[in-house]
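Subject: Structure for you to look at

Hello,

Here is the structure I said I would pass on. Please open it next to this message; my notes follow below.

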Amino acid sequence: MEAKAILDKLLTDARDAAAGIVADAKARTAALQAESDARIAQGKARAEAQASQDAVSARGRMERMAELDERKLLLRDKRAVMEEAFDRALRRMENMEEAEAKALFLRVLSETAEGGETVVPGEKSPWLDAAFLAEANRKMKALGRAELTLSGDRLPGEAGLDLVKGETRVSCTCSALMEASRLPLGGGGANGLFPPGRAGDTAR
């Protein structure tokens, strides 16, 4: 074979080989690009899913926080309403008509006094005097209990009375009776203002 023909064949073989290499390289590059694109798409999908999940979680947290804040405000408002109701009820109780007040505290003494106590009247209850105590003692006698005695002292700033016997003091002032009625009132309405049981016992 002539030298020129040999050279042409070598060049042709070289070009064919180079074209094959280039084609293989392009195919491998395209495969790598496809794999990369697939990974990027998967990454974006995961990121979007996570972002959506995070958004849902964040929205849920915000909703729970808003609900908690609203409950706190509601509890505050309820407490304010209850405090106002008790303040009004206490003022009403302290300013009852004399006959109503006597009837209430005769009942309180009948249900609370064991007999033999000293009654310390509040300075806001001028009707709580010897005549009232005599009526109370008639009830004590009918119940088979020892008589009560009236203290010469008065409770400053209070309406109602305290019962004192030895080291024990039972507060039956209007404010103590109202405090004792807070739980029943909170659970059952205005019926708790004047509980039928021994209300003053809570102050022992």
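This is a predicted model: local features need pLDDT of at least 70, side-chain atom pairs count only at pLDDT 80 or more; totals for chains, interfaces and linings use all residues.

Four strands make up an open sheet with mixed pairing, in the order β2-β1-β3-β4. β2 (149–150) and β4 (168–173) are the edge strands; each has a single partner, so one side of each has no neighbour in the sheet. Strands of a sheet pair through backbone hydrogen bonds, in either the parallel or the antiparallel sense. Between β3 (residues 160–165) and β4 the pairing is antiparallel and runs over six bridges. Helix α2 (residues 98–112) lies across β3 and β4, at about 25 degrees to β3.

Asp 162

Asp 162 is a residue of strand β3. Is it buried or exposed? Its relative accessible area is 7%, and the limit for buried is under 20%, so Asp 162 counts as buried. Its side chain makes a polar contact of 2.8 Å with the side chain of Arg 169. Beyond its neighbours within four places in sequence, Asp 162 is in contact with several residues, among them Thr 118, Val 119, Val 120 and Leu 155. Val 170, Ser 171, Cys 172 and Thr 173 are also included in its contacts.

Helix α3

Helix α3 (residues 130–142) has 13 residues and spans 18 Å from first to last C-alpha, close to the 18 Å expected at 1.5 Å a residue. Which residues of α3 are buried? They are Phe 132, Leu 133, Ala 136, Asn 137 and Met 140. These residues lie on the same side of α3 because they cover an arc of only 135 degrees around the axis. An α-helix has 3.6 residues a turn, so residues three or four places apart point the same way. The cover over the buried residues of α3 includes α2, β1 (118–121) and β2. On the other side of α3, Ala 131, Arg 138, Lys 141 and Ala 142 are exposed.

As for the ends of the helix, at the start of α3 a side-chain oxygen of Asp 129 comes to within 3.3 Å of the backbone nitrogen of Ala 131. After α3 comes Gly 144, with a positive phi near 75 degrees.

Regards

Technical notes. Residues are numbered from 1 along each chain as its sequence is written. Side-chain values use heavy atoms; hydrogens and water are left out. Two strands pair if DSSP finds at least two bridges between them. Helices (H or I, at least four residues) and strands (E, at least two) are DSSP runs, numbered from the N terminus. Contact means heavy atoms within 4.5 Å. Axes are lines fitted to C-alpha atoms, for helices over the stretch in contact, and angles run from 0 to 180 degrees between N-to-C directions. The expected span of a helix is 1.5 Å times one less than its number of residues. Buried means under 20% relative accessible area, exposed over 50%, partly exposed in between (1.4 Å probe, protein chains only). The arc is that of the directions from the helix axis to the C-beta atoms. A polar contact is a pair of N or O atoms within 3.5 Å; within protein, one must be able to donate a hydrogen and the other to accept it, and residues adjacent in sequence count only if both atoms are side-chain atoms.
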